[in-house]
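Please examine the structure shown here, with attention to the confidence of the model and to the contact between two of its chains.

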Amino acid sequence: MRRVSYILAALAVAALFVVWIQTQVLPTLSDATRTVVAAANADRTQSYTADVRTKTMYRGKWVTVESKVYHSPKVERIEYSGGHLAGAIVVNQGNKSYTRRHGSSSVAVTELATPAPSADRIGLLLKNYSATPGGRARVAGRDVNIVDLTPRTCAGPSKRLWIDTQTYVTLRTDDKDMEGRLISSSEFRRVTYGSPMSADMPRIPSGKQIETASVSAGRDAASLSRRLGFRVTLPKYVSRGYTLEGYRLHACPCRCGHESAHIVYTNGVDTISVFETRKLHHCGVTKACDPHPGAAGQCLMNKTERGAVAVAQRGAKTVVVVGSVDPSELMRIAESTD
Amino acid sequence: METRVDCEYIRGLLADFSEDNLLGRAARRARDHVAACEACADELKTFEATADLVREKGLREPPVGLWNAVYNRITDPARAPSVARPAAGLRLRLRIGAAIAALSLVILFGLSYVRRPQPPSVANAVAAEYVEGHAVGSRDGLFADRFSLTSVAALAEAEQRENGRL
Amino acid sequence: MSGGRVVEYVDVDLVRRTKTGDVEAFEQLFNRYQKRVYNIVYGMIGNENDAAELAQDVFVRVFDSIATLRAEEAFFTWVRTVAINVCRDHVRRRVPFRVESLDEKMSYDGEDIIREIADPAVGPERLSEQKETERAVHRAIDSLSGEHRTVVVLHHLEGMDVQDIAKALGCPTGTVKSRLARAREELRRKLAGYVES
């Protein structure tokens with residue numbers, strides 16, 4: 001009898017909590033923010049088949065790829081049919097992503113840091129970005145709400161999202177760099193919800209599996225230091241709003257065996273990557289011979305639309321920082337790493 | 001007295017009548033008939049109602065992303081804006097001049113390439129490897145454009161290979 | 001809706017700013033007129049993909065040559081001319097295919113009348129949904145021949161008068177009127193279920 005009372009009391013507390021959330025917390029969020037929160041979780045509940053067209057700016061040129069997506073809450077298969085990725089297949093299942101290129105006999109495996117959007121990440125997003133409504137439109141024959149995600153404090157990359165008013169699936173994403181220039185756009189050209197995936201659709205592509213990047217609970221600075229043979233340390237400085245998300249082991253996809261520590265920082269939407277390696281590596285595929293970017297202590301930059309790359313020699317190791325924030329920030333991060 | 005034959009004949013002209021496309025006797029005959037015949041007047045109203053419906057519902061929404069496409073084209077630094085075309089004689093001279101200039105550039109570039117082979121673009125190749133890692137590592141972020149990031153990863157990998165061949 | 005109705009004074013300022021290379025001002029002009037331009041282009045071309053590409057071409061051409069525009073208060077009239085010319089160029093470049101003209105005159109009872117057109121459409125069910133009506137109107141416009149669709153869009157949607165259309169298309173006003181009449185006849189048949197008599 002007492003146990004029943006406890007259960008009832010617990011249920012009552014839970015119900016009160018839900019009511020409190022609904023009456024006190026949610027009403028304080030704007031409609032745009034609520035849409036964003038719902039959209040962050042939409043892919044965990046929706047199944048759909050879609051045709052997607054993606055335009056990406058890379059080294060000053062627009063590159064377009066087409067893909068067909070079979071998505072269910074547990075597994076997703078993306079078949080690329082156009083552009084330089086034609087014939088490539090990506091399967092995202094559990095916390096792993098498998099990629100096989102057309103004509104390749106091997107499959108690149110990466111382990112995801114956060115297979116599902118955590119409450120922490122959504123909290124970070126809301127802390128660092130403001131969501132403002134951008135009106136209504138139609139994408140792939142569906143009504144969508146447009147929401148702009150812009151950084152609250154300092155200059156940084158921003159996003160415009162087209163979110164299905166019914167399912168909250170993001171049907172189009174435009175990414176802009178910190179100067180507001182469009183760098184990529186992915187748009188669902190056609191979407192069918194609830195479409196069943198055939199049994200063989202989510203099958204992981206066949207071929208020898210090569211782990212190119214992984215992360216797990218066991219990966220931390222100490223275990224990576226043991227594996228790589230040098231001390232992996234966190235930078236003393238990171239840009240405002242970014243917090244440590246986790247450590248990965250980054251392996252060069254060319255199978256040359258070179259590995260780096262990959263430390264990931266996020267502000268909820270954008271990421272900064274800090275790679276630490278014994279010496280600056282240039283993988284076997286490229287046949288380059290000069291491992292040093294410059295004189296010791298000299299920080300070199302290289303800019304792409306997806307972010308700048310800062311390279312600094314720090315003692316016996318090379319630190320490479322990649323991100324979309326101001327390049328001076330990346331240099332500062334690289335130089336703050338012992 | 002309006003007859004059934006009159007009505008059939010006039011109804012065949014109503015579309016033109018509604019667009020003021022009848023002349024002379026036909027126009028007069030149609031006007032007089034419609035004024036006297038309620039059924040044909042009603043028929044004429046359906047032409048006007050059709051035009052109203054088309055005006056009210058005929059407009060389409062332009063595709064999403066039109067501005068982005070226009071913006072990218074007008075701000076593309078590689079694009080030369082179209083300007084008023086010069087006269088034919090001048091055009092010919094300009095073409096010859098441009099051809100000579102282009103040929104000179106090709107020869108100069110070729111000579112410099114033969115004399116002093118460029119070293120591999122180490123910075124680009126190194127950057128490409130880590131841009132690839134960064135793109136792959138960012139794919140699972142909130143609202144990350146996984147399609148574009150996969151594309152970037154593949155482009156960066158291709159760039160590594162391309163630089164390696166230099 | 002047409003350029004002759006209300007002079008868009010705001011346009012003048014935006015046009016002047018665009019002439020100095022102000023892309024944001026041009027974006028505002030784009031936002032004001034993109035729907036009209038897209039509909040003109042769609043009407044003249046008749047398919048979404050080409051229409052989207054050509055609508056881009058129109059705005060790019062407008063941006064590139066806006067310095068040559070003297071009558072700034074007539075900005076949209078000029079844009080419309082650019083749109084029509086871009087589409088006509090496109091149509092000329094396309095592989096030609098024969099379309100039987102529906103504008104030929106026939107004789108009946110000693111007077112010139114217009115030839116009868118067979119209507120292949122099945123009468124639509126009467127549907128109350130606004131969206132469905134809109135779709136039906138779009139389908140009906142789509143089903144018109146290119147020549148007929150063009151005059152319908154320019155006259156009924158864009159509000160151009162017959163003389164201006166004739167001038168823009170380089171054909172006699174009688175031809176424009178005739179095309180409008182045939183098009184309206186066809187639309188009336190196809191939209192009979194949606195039109196209240």
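The report below covers the basis of the model, its confidence, an interface and the cysteines.

## Basis of the model

This is a predicted model, in which local features need pLDDT of at least 70 and side-chain atom pairs count only at pLDDT 80 or more, while totals for chains, interfaces and linings use all residues. Residues are numbered from 1 along each chain as its sequence is written, chains are lettered from A and ligands numbered from 1 in the order in which they are written, and side-chain values use heavy atoms, without hydrogens and water.

## Confidence in chain B

The mean pLDDT (the predictor's confidence in each residue, from 0 to 100) of chain B is 73, and 69% of the residues score at least 70. Residues 81-88 of chain B have a pLDDT below 50; beyond near neighbours in sequence, this stretch has 5 contacts (heavy atoms within 4.5 Å) in the model.

## Interface of chains C and B

At this interface, 50 residues of chain C are in contact with 40 residues of chain B. The two chains bury about 4500 Å² between them (accessible area lost on being put together, 1.4 Å probe, summed over both), with 61% of it on carbon and sulfur atoms.

The rule finds 5 salt bridges across the interface (a side-chain nitrogen of Lys or Arg within 4 Å of a carboxyl oxygen of Asp or Glu). Asp57(C) and Arg73(B) form a salt bridge through their side chains, at 2.8 Å from N to O.

## Cysteines

The structure contains 0 disulfides (pairs of cysteine sulfur atoms within 2.5 Å) over all chains. Cys7(B) is in no disulfide, and the nearest cysteine sulfur, that of Cys37(B), lies 3.8 Å away.
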